[in-house]
Amino acid sequence: MITTVLPTYNRAPLSFERGEGSWLIEADGTRYLDLGAGIAVNALGHANPDLVAALTEQAGKLWHTSNLYQIPNQQKLADLLVAHTFADTVFFTNSGTESAELAIKMARKYWYEKGQPDRIEILTFEGSFHGRSTGAIAASGGEKMIKGFGPLMPGFTHLPWGDMAALKAALTEATAAILLEPIIGEGGIKAWPDADLREIRALCDATGALLVLDEVQCGMGRTGRLFAHELAGITPDIMMVAKGIGGGFPLGAVLATENAASGMVAGSHGSTYGGNPLACAVGTRVMEIIAQPDFLEAVNRKAGLFRQKLEGLVATHPDVFEGVRGSGLMLGLKCKIAPADVVKAGYAEHLLTVPAADNVIRILPPLTITEEEIAEAINRLDRAATRLETA
Ligand SMILES: *Cc1c(COP(=O)(O)O)cnc(C)c1O
């Protein structure tokens, strides 16, 4: 008999009642050190007092009005995002998937309004993940996600990840945009080399194709910069954001330059909940905290420490681990055995990590994780690896 919750997830037999910073706590009081943060969502930890205050204060005043009216919290958050990024304008969504949908629509509408309605092709990369809507699965193109859901939305070309020659060959007058994750998340924590990103930006400048970056997972301070593209010294034309921006409250956004957004006018897009007062109250507080140079500096310091300790762990357990990859606190441990087994051994040590493709387990802790908690995480990973070696 089918479960009452649609069985689209293989869930671990863990259930948490509350959270506290980097810790998740079961009903019986058992504490798990959380290196997954809800898949890079709880960027400021669980039950962060600043965010609880922002949410509850707004909850007592007003939850929802619709976008028929001005929403001051939305205005405030948009102003903050524009002040801190390449963007001139922001649309708020409720998820990464919705941000992908708008990014695709915006890129196509741009060329339509420029009098080139056939310029619809979007170049994407194998192993990428942009969400689960019909548009987003067409963009990602992975067999597991698309099988049985056809016919797929046309207009996407999937290129081998990191293959600059293939990219140059595929770039034509029909190319509306290039869409990529600066650091691939679900696909196994793979960062585009800075030089490639700079070359892609130059190719876009030369051809007019829009550069659309999916920073749903790698953005919002995760890499030690507010957004990952800053590491390469480039800016996109359109950027998808979600996950960390709400700190656990559903919120996403599409940021764009004035030029890239020029096709979007009143009536061309909308959302009932997008940018609602609750989400934006929390999102504003998240931005105020993460965008501080001191905060990002601390992320970088902790990331350096974490990485160094992980390299040591790999050296100690060469039969379990192969290497460390990623940037900032978006780290991947490449495994020599099934990553699901490593994640499971972590559970036994009351440690949460997240599996990814390419034999990688992801380490995406709250950005507020402390140095003591990093040391404790390494101890637990060490014990988990020992378990696997002696199993
Ligand atoms: C999670 C994710 C998405 C989809 O976000 P949802 O909020 O689950 O819809 C899109 N792109 C990337 C890179 C992601 O990590």
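1. A reader new to this predicted model may start with helix α4, whose buried residues are G96, S99, A100, L102, A103, I104, M106, A107, Y110 and W111. The helix covers residues 96–113, 18 residues in total, and reaches 26 Å from its first C-alpha to its last, close to the 26 Å expected at 1.5 Å a residue. After α4 comes G115, for which phi is positive, near 80°.

2. Seven strands make up an open sheet with mixed pairing, and their order is β4-β12-β11-β10-β7-β5-β6. Because β4 (89–93) and β6 (156–159) stand at the edges and have a single partner strand each, one side of each is left without a neighbour in the sheet. From one strand to the next, the twist averages 20°.

3. Within this sheet, strand β7 (residues 175–180) and strand β10 (residues 210–214) run parallel and are joined by four bridges; L179, for instance, has V212 in β10 as its bridge partner. Helix α3 (residues 72–84) lies across β4 and β12 (252–256), and its direction is at about 130° to β4.

4. A second open sheet consists of four strands in the order β13-β14-β17-β16, here with antiparallel pairing. Its edges are β13 (321–327) and β16 (354–356), each of which has a single partner strand, so that one side of each is left without a neighbour in the sheet. The twist in this sheet averages 30° from one strand to the next.

5. The antiparallel pairing of β13 with strand β14 (residues 330–335) extends over six bridges, and G326 has L331 in β14 as its bridge partner. Helix α11 (residues 339–348) packs on the sheet, where it touches β13, β14, β16 and β17 (360–363), and its direction makes about 45° with that of β17.

6. Turning to the whole chain, the protein contains 12 helices and 17 strands, and its C-alpha trace spans about 65 × 55 × 50 Å along the principal axes. A compact globule of 391 residues would have a radius of gyration near 21 Å, and the 21 Å found for the protein agrees with this.

7. Buried residues account for 53% of the 391 residues, while the protein exposes about 17100 Å², of which carbon and sulfur atoms supply 54%. Of the contacts with a separation of 6 or more, 72% are between residues 24 or more positions apart.

Key:
Residues are numbered from 1 along each chain as its sequence is written. This is a predicted model: local features need pLDDT of at least 70, side-chain atom pairs count only at pLDDT 80 or more; totals for chains, interfaces and linings use all residues. Side-chain values use heavy atoms; hydrogens and water are left out. Helices (H or I, at least four residues) and strands (E, at least two) are DSSP runs, numbered from the N terminus. The expected span of a helix is 1.5 Å times one less than its number of residues. Buried means under 20% relative accessible area, exposed over 50%, partly exposed in between (1.4 Å probe, protein chains only). Two strands pair if DSSP finds at least two bridges between them. Axes are lines fitted to C-alpha atoms, for helices over the stretch in contact, and angles run from 0 to 180 degrees between N-to-C directions. Contact means heavy atoms within 4.5 Å. The radius of gyration is taken over C-alpha atoms; the globule rule is 2.2 Å times the number of residues to the power 0.38. Accessible areas come from the Shrake-Rupley method with a 1.4 Å probe; for residues, only the protein chains shown count as cover.
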